[in-house]
Amino acid sequence: MRPANELAMSYKKALLTGVAAFALAGTATAQTADETQVAVGAQPDSPDFPTPDEPLAEYGEEDSDTIVVTGARQRGSVIGDIPPENVLTTRDVIATGATDIDELLEAIAPQLGSARGRGGGRPIMLLNGQRVSSFRELRDIPTEAISRVEVLPEEVALKYGYRADQRVVNIVLRPRFRSTVAEVEATAATEGGYGGGEIDLTRLMIGEGSRTTLDFEVEGNNALTESERDIGLRSDDLADDRAARSLLGERRQVRATATHNREIGTVAATGNIELQRNQGRSLIGLGETLLEPLARKTVSDSAHVGGVLNGNFSDWRWSVTGNADAARNVTDTDRDLTDVRDQAVTETLSGQLDAVANGTLFRLPAGEAGATVRVGASTLHLDGERRRNGVESSNSLGRTRGLAAANLDLPISRRNGDFSALGNLTFNVNGEVEQLSDFGTLTTVGAGLNWSPAQRLDLLASWTREDGAPSVQQLGDPILETPGSRIFDFTTGETIIITAITGGNPALDSDSRNVFKLGANWKPLEETDLRFRGDYVGSRIDRPISSFPGPTAAIEAAFPERFVRNPQGDLVSVDLRPVSFGSARRDTLRLGLDFSKPLRSARPSQAAIEAMRARRAASGEGRRGGAPGNERGVDPAGPERAGPAAGLGRFGGGRFGGGRNGGRLTFSLTDTITLIDEVTIRQGLPKLDYLDGDAVGQAGGRPRHDVEARAGYFNNGLGARLSANWRSGTQVGSATGDELRFSPLSTVNLRLWANAGQRPDLVAKHPWLRGTSVRFQVDNLFDSKPRVRNSLGDVPFSYQPDLLDPLGRTVSISFRKLFLPPRGSFRRNEGAGGGED
């Protein structure tokens, strides 16, 4: 591995300066309009048209009943012709009970999983069909502001300049929305000993050509020690140190985020800034004198500045994104008989700048050939300092990266086109070249087919060969030694106390992977929202980078330098830093279905309608809150709208009135089946089969099946959601012939909530309840915990259930208030366009 030279260092500084200047200058929105939807029969000031200053959660949804003009693209749609695997309307989003984007992604997690990426993680996020600089731009947006959500396959990522290794989620917002949200949540474990809480304040303003989000969040939890759970003592323990060992450490987090978007001429720009501090403290046992507990404290401070520019040039769409980040992490570890602590300090400075363009190159008989090109550069510098036993050391690592990538889409056949014999068929080819200052040149090439042979049936096939380098953190994280750590020694079949060594490994090599995917998405019935999906992914990796599996006989034979044993053969210390293996193979099959059924909502009572009319009249709002040209409350839709519910679009008849299909019943089921999972540690050594007796880590082998199920009900402001996960059992052998059996594990979470604003009779009597919701949630409803036993039926010491899952069942209660501006705070423009204060 070649160190970064002085030229690369100066390049880093110049790039960081440019990125910071770009991000601070960007201050505007990425909401350029595609072709818009046209609603038939809806007038701007009729009860059928949404009031711009009320969330859809209280009166209906914007897009689900909209009739789209043939040939027009929906507002906020993604680039290209690959259809979404699933589309969630406003009512579907409300039915999840999620209050922000993070919770929404968790609710639909079974649809987002992918076996193609480097360790999973969050899907690629788009906002209104456009790139964002980072997830921070949309993380804090309340779900009431969402018009629809599209879940798309990995191949769509190529059209935005990303690699095709994660699914894509496109969030489309309402064109106008304004609210302030205050939320308070408290959480406690039913076994006691643990409590946490969170306070979150969010301000969102979406208007014509602008969007602003402000968020402030404080959260934390207290520590949980072994003495507060059923943890046994080892026979050779010299003292009871359970009160001096944390199962979960104390944690505090404070975060402030601001995002502002605005259109500047034909360019839409976004600026984002975030500051965050995390503090933690955990107990790591008694010192050698057994007098007082030793503690480890961490303090992390980070700052982020990001921005994105989006625009159009002729038939091409372009975007430029930039990010700059700075972080400092300090870890202090107590030592026995001295006030001088061991300390590890890491300072990280990074910057990134990307430019992407997508458009038409030429026309073929089946349609337009499209291309996406991307160029980018990034820099990262990591400085580490370490003090142990009074001896100080330091290290410094840096990486600069330049890349160029291109993707070409060629339509072969188009239904209703000049050539339509094969239905819809598109071929794509893509490539990427990366130049890293410490690893040289890395390349990625790939190709794919997107085929729709019949209506509501979509098939995908793709192949990718990709080189990848270890992260700078994997290479250069500071080395930490934690004495008194418990670990299960698979070689001897015993739990022992060791010194665990963690941190980075500068000897890691780059890997190379080949990934093949076949995917299908089928909606068998036109009138029923039922979808079946399936993905097969086969991957072959040379020199895979892996976290250290732990002390097994095969691993110790391959890495003897990582293990230190005393003359009696007992482990004294283990080096758990990441390693590079020889090769790996993993094949998975992912099968799932999604079902959604609309439910008819109850009509508000006549008393609620009259009470609301009286309140509006008393406040001088009129029918539409004093909308220009309609101050007297006259219904412009004509006399046919007259009646007891006229003028109460939110609660009355018409498009958003009672009896409408406003509720949802949903169900989702996904099974990830691992067919093959093998690793060759080094040439000449036996393969590790994680499905048949070998350990991925201390948690055992790889489950054959991993099942995720979600079921939800929401109607008339009341909702319930059940989430269940199940994984099959595994077994791991040891050098002594003993065998550990990891039982199957199932967990169930339950969420109940009430949106008072969607109970018209209740709001009519108590207007202050408008925008109020209460949620009660139980995680791990049945207090399920992993169960591990050896061949004799005994539980090894380090596999006690409360060590594997110390929290168990938790209960949380949250209260949320969404404050809305007075009616009439928007001045309506003609038609369905945006508004302004």
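Q: What makes arginine 255 and glutamate 217 a salt bridge?
A: In this predicted model, the closest N and O atoms of arginine 255 and glutamate 217 are 3.3 Å apart. The cut-off is 4 Å between a side-chain nitrogen of Lys or Arg and a carboxyl oxygen of Asp or Glu, so the pair is called a salt bridge.

Q: How do you know that this pair links distant parts of the chain?
A: Arginine 255 is in strand 11 (residues 250-264) and glutamate 217 is in strand 8 (residues 210-221), 38 residues apart. Both residues, arginine 255 and glutamate 217, are buried.

Q: Which residues are linked with Arg255 and Glu217 in a network of salt bridges?
A: The network also holds Arg136, Arg139, Asp140, Asp215, Glu274 and Asp325.

Q: Why is the contact between arginine 163 and glutamate 466 called a salt bridge?
A: Their closest N and O atoms are 2.6 Å apart. That value is within 4 Å, so the pair meets the rule.

Q: What makes arginine 163 and glutamate 466 a tie between parts of the chain?
A: Arginine 163 lies in the loop between strand 4 (146-152) and strand 5 (168-173), whereas glutamate 466 lies in strand 20 (residues 457-468), so the parts tied together are 303 residues apart in sequence.

Q: Why does glutamate 466 count as buried?
A: Glutamate 466 has 5% relative accessibility. Buried means under 20%, so the residue qualifies.

Q: How do you know that arginine 148 forms a salt bridge with glutamate 150?
A: The closest N and O atoms of arginine 148 and glutamate 150 are 3.2 Å apart, and the limit is 4 Å, so the pair counts. Arginine 148 and glutamate 150 are both buried.

Q: How many salt bridges does this rule give?
A: The count is 57.

Definitions and conventions. Residues numbered from 1 in each chain as written. Predicted model: local features only at pLDDT ≥ 70, side-chain atom pairs only at ≥ 80, totals over all residues. Heavy atoms only, no water. Buried < 20%, exposed > 50% of the residue type's maximum accessible area, 1.4 Å probe, protein only. Helix = DSSP H or I, 4+ residues; strand = E, 2+ residues; numbered from the N terminus.
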